[in-house]
Amino acid sequence: MKKTLIKTLLLIVLLMLAIVLGIVIANACAGVRGFSWLAASATFGLQPTTVDLSVMQFTFGLTVSINVAQAILLLLAIIAYCSIRIKN
């Protein structure tokens, strides 16, 4: 159980680091000639929709924006996660 918890936390940390570093790299390379392609991004998802039931009001929505640098770093994080072995 301890081993699976550590592996799960490791995956979460690696993915979060990849997302944050991807944003930083994309922002740094946005104006640099030759590296501006790292900042190219795509946004997809569902726009927020509100359901009003008079007594309660719910808002549902999800939008994801990902750039090339994040995609590359996420792929590298997953490869690194698969190659890491945790000892007992």
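The model is predicted: local features need pLDDT of at least 70, side-chain atom pairs count only at pLDDT 80 or more, and totals for chains, interfaces and linings use all residues. Residues are numbered from 1 along each chain as its sequence is written, and side-chain values use heavy atoms, with hydrogens and water left out. The protein chain has two helices and two strands. Their order along the sequence is α-β-β-α. The radius of gyration is 18 Å, well over the 12 Å that the globule rule gives for 88 residues, so the chain is more spread out than a compact globule.

**Overall fold**

- Helices (H or I, at least four residues) and strands (E, at least two) are DSSP runs, numbered from the N terminus.
- The radius of gyration is taken over C-alpha atoms, and the globule rule is 2.2 Å times the number of residues to the power 0.38.
- Along the principal axes, the C-alpha atoms of the protein chain fill a box of roughly 55 × 50 × 15 Å.
- Of the 88 residues, 15% count as buried. Buried means under 20% relative accessible area, exposed means over 50%, and partly exposed lies in between (1.4 Å probe, protein chains only).
- Among contacts with a separation of 6 or more, 55% join residues 24 or more positions apart. A contact means heavy atoms within 4.5 Å.

**Nonpolar core**

- A nonpolar core is a set of buried Ala, Val, Leu, Ile, Met, Phe, Trp, Tyr and Cys residues joined through side-chain atoms within 4.5 Å.
- The largest such core has five residues: L14, A18, L74, A77 and Y81.
- Helices α1 (2-29) and α2 (68-83) are the elements that give two or more residues to this core. Helix α2 gives the most, with three residues.
- Leaving out residues up to four places away in sequence, Y81 touches K7, L10, L11 and L14.

**Rings**

- The charged end of K7 sits over the ring of Y81, 4.6 Å from its centre. This label requires NZ of Lys or CZ of Arg within 6 Å of the ring centre and within 35 degrees of the ring normal.
- The structure holds one aromatic pair. Rings of Phe, Tyr and Trp (its six-membered ring) pair if their centres lie within 6.5 Å; planes under 30 degrees apart count as stacked, over 60 as edge-to-face and the rest as tilted.
- F58 and F60 form the pair, which is stacked, at 6.1 Å centre to centre with 20° between the planes.
- F58 is partly exposed, at 34% relative accessible area.

**Residues in the strands**

- T50 is found in strand β1 (residues 41-52). T50 counts as partly exposed, at 44% relative accessibility.
- The C-alpha atoms of T50 and F60 are separated by 6.4 Å, though the two residues are 10 residues apart along the chain.
- N67 is found in strand β2 (residues 57-67). N67 counts as buried, at 11% relative accessibility.
- A polar atom of the N67 side chain lies 3.2 Å from the backbone nitrogen of A69. A polar contact is a pair of N or O atoms within 3.5 Å; within protein, one must be able to donate a hydrogen and the other to accept it, and residues adjacent in sequence count only if both atoms are side-chain atoms.

**A residue in helix α2**

- Q70 lies in helix α2. Q70 is buried, with a relative accessible area of 5%.
- The Q70 side chain reaches the backbone oxygen of I19 at 3.2 Å.
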